[in-house]
Amino acid sequence: MENQKLWGGRFSASAAEILDEFNASLPFDKKLYKQDILGSQTHAKMLAKCGILTQSEAKKICEGLEQVKEEMERGEFEFILSDEDIHMAVEKRLTQIIGEVGKKLHTARSRNDQVALDFRLFVLDSNDNLRVLLLELIDTLLEIAKQHTQTMLPGMTHLQHAQPVNFGFLMCAYVSMFARDFERLESSFRRNNFCPLGAAALAGTPYATDRFFTAQTLGFIAPTLNATDSVSDRDFALDFLYDCSMIAMHISRLAEELVLWSSYEFKFITLSDAYSTGSSIMPQKKNPDVPELLRGKSGRVYGNLLSLLVVMKGLPLAYNKDTQEDKEGVFDSFETLSIALRILKDTLQTMTINTDSMLKACKKGHLSATDLADFLVQTCGIPFREAHHITGKAVAFAESLGKDLSDLSAEELCSVDSAIPQEAHKSLDLEASMNSRNSYGGTSTQATKTQIESLEAWLQLAKKALQDSKEPQNAK
């Protein structure tokens with residue numbers, strides 16, 4: 001039987017049916033149809049510019065490719081597993097539409113550089129999209145922060161009450177994390193914004209092509225430098241998966257806070273009914289399923305990164321079929337984070353912040369203990385270790401009375417140790433404690449406002465940088 005594969009000239013027998021099922025990437029790489037068609041149209045224009053195709057041939061190819069894209073977008077395109085991948089499916093349909101001239105499109109390229117281009121374009125587009133969503137989340141966090149620079153709650157270490165902080169200060173901490181995520185994506189975008197098309201199979205092409213024209217037309221900075229590296233490199237995908245993993249980790253940390261803060265033990269926040277679920281058996285339950293799922297999604301994103309690292313770790317140059325396993329994890333991580341960032345933003349925008357519960361919690365855990373020790377050092381000249389010991393005695397005394405340290409009277413405090421003067425009592429005030437931490441990056445209301453101003457200035461620059469990075473893509 002005649003082999004119907006576009007590459008089948010060397011083969012005398014048709015591919016086994018199970019090979020089609022095992023070998024094909026079409027069920028998932030059909031997501032790349034827009035990138036594949038754009039790359040093919042640009043390649044045809046380059047071939048015509050270099051005299052390898054006539055202008056009329058290139059025009060016919062580009063128009064035929066546009067028809068293929070329209071068929072796909074209307075859901076009329078028939079995907080056949082034996083076509084193996086999106087590249088062969090598009091080329092076969094193109095040839096059906098425009099005839100023999102469609103077979104000229106693959107001149108001076110290989111599926112190796114074609115898939116490297118398509119996948120890279122997808123990753124760069126996804127990078128753009130995640131940066132947009134990150135900035136929207138950061139905007140939301142900053143709005144919350146601005147409203148709560150005086151809202152006190154216990155700052156914690158080891159999940160134990162430590163020192164009083166304000167809620168805006170904690171929101172700024174998460175903004176700082178997500179800002180670094182944005183910057184990682186920004187760096188990855190610049191590092192990987194180079195065009196592999198024209199590298200051909202692994203060693204370049206004998207045709208007099210113009211890779212710089214292709215790269216510029218597609219919005220890249222320049223062509224990739226080395227042909228073999230171009231077709232075997234998946235660093236751009238690994239960069240993206242690492243960036244996704246970091247975002248997922250930061251989302252998971254914030255999600256854990258939301259789970260804790262919404263519990264009866266904390267009651268710092270109340271999640272909207274629209275972003276909560278109930279129990280099938282316990283009618284009183286209101287479960288924080290959104291943050292729990294956000295926390296859980298981090299595992300699959302980490303898995304996608306590890307999976308591709310393992311795929312790549314033993315591959316020799318140049319292209320190997322193993323790299324067909326590069327796409328599904330990237331698609332999954334992008335889709336997972338796209339919805340995660342949107343639903344986290346919505347959850348934050350609709351939650352209720354229970355300021356009274358936060359303030360009440362500040363009365364547990366002796367949050368002003370460090371302030372007493374610092375007062376003894378700064379005002380009384382007592383060495384810190386001795387001040388630490390005296391303060392520990394004061395905490396033990398307060399607990400023996402069933403009180404928080406901040407609730408001791410001046411007389412009670414002074415009775416702990418003769419080294420404690422009367423004026424030390426003012427150091428126990430919780431609001432004063434919070435606002436005393438006015439160092440750069442501290443939790444005082446003023447220091448928090450300074451952080452918000454700095455982060456808002458960063459946000460404006462980030463929005464402009466993102467817009468600037470998209471302009472070459474729009475120009476094409």
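The largest pocket in this structure holds about 400 Å³ of space. Its lining has 23 residues, and those closest to its centre are Pro 154, Gly 155, Met 156, Val 165 and Leu 170. Strand S1 (152–157), strand S2 (160–166), H7 and H10 are the elements that each give two or more residues to that lining. By class, the lining of the largest pocket has 15 nonpolar, five polar and three charged residues. Before I go on: this is a predicted model.

The second largest pocket has about 300 Å³ of space. It is lined by 14 residues, and Ser 262, Ser 263, Tyr 264, Lys 286 and Asn 287 are the closest to its centre. Here the classes are four nonpolar, six polar and four charged residues.

Now the cavities. How many of 30 Å³ or more does a search of the whole structure find? There are two.

The largest cavity has a volume of about 40 Å³. Which helices each supply at least two residues of its lining? They are helix H10 (235–261), helix H11 (289–312) and helix H12 (327–350). H11 gives the most, with four residues. Sorted by class, that is six nonpolar, two polar and one charged residues.

The second largest cavity comes to about 30 Å³. Helix H6 (111–147), helix H7 (167–192) and H10 each put at least two residues into its lining. The residues are Val 123, Leu 124, Asn 127, Ser 188, Asn 192, Phe 236, Asp 239 and Phe 240. Four of them are nonpolar, three polar and one charged. Along its principal axes, the C-alpha trace spans about 100 × 50 × 40 Å. The radius of gyration is 30 Å, while a compact globule of 476 residues would be near 23 Å.

What share of the 476 residues counts as buried? The figure is 52%. The accessible surface of the chain is about 22600 Å², and carbon and sulfur atoms account for 53% of that. As for contacts with a separation of 6 or more, 75% of them are between residues 24 or more positions apart.

Where does it lie? Ile 382 is in the loop between helix H14 (369–380) and helix H15 (384–400). Is Ile 382 buried or exposed? With a relative accessible area of 10%, Ile 382 is buried, because the cut-off for buried is under 20%.

Leaving out residues up to four places away in sequence, Ile 382 touches Leu 376, Val 377, Ala 387, Ile 390 and Ala 419. One distance to go with that: Ile 382 and Glu 423 are 41 residues apart in sequence, and their C-alpha atoms are 15 Å apart in space.

How values were computed. Residues numbered from 1 in each chain as written. Predicted model: local features only at pLDDT ≥ 70, side-chain atom pairs only at ≥ 80, totals over all residues. Heavy atoms only, no water. 1 Å grid on protein atoms, 1.4 Å probe; cavity = no way out; pocket = protein on both sides within 12 Å on 5 of 7 lines; lining within 4 Å. Points joined across faces, edges and corners; volume = space filled by probe spheres on them. Nonpolar A, V, L, I, M, F, W, Y, C, P; charged D, E, K, R; others polar. Rg over C-alpha atoms; globule rule 2.2 N^0.38 Å. Buried < 20%, exposed > 50% of the residue type's maximum accessible area, 1.4 Å probe, protein only. Contact = heavy atoms within 4.5 Å. Areas by Shrake-Rupley, 256 points an atom, 1.4 Å probe, with all protein chains shown as cover.
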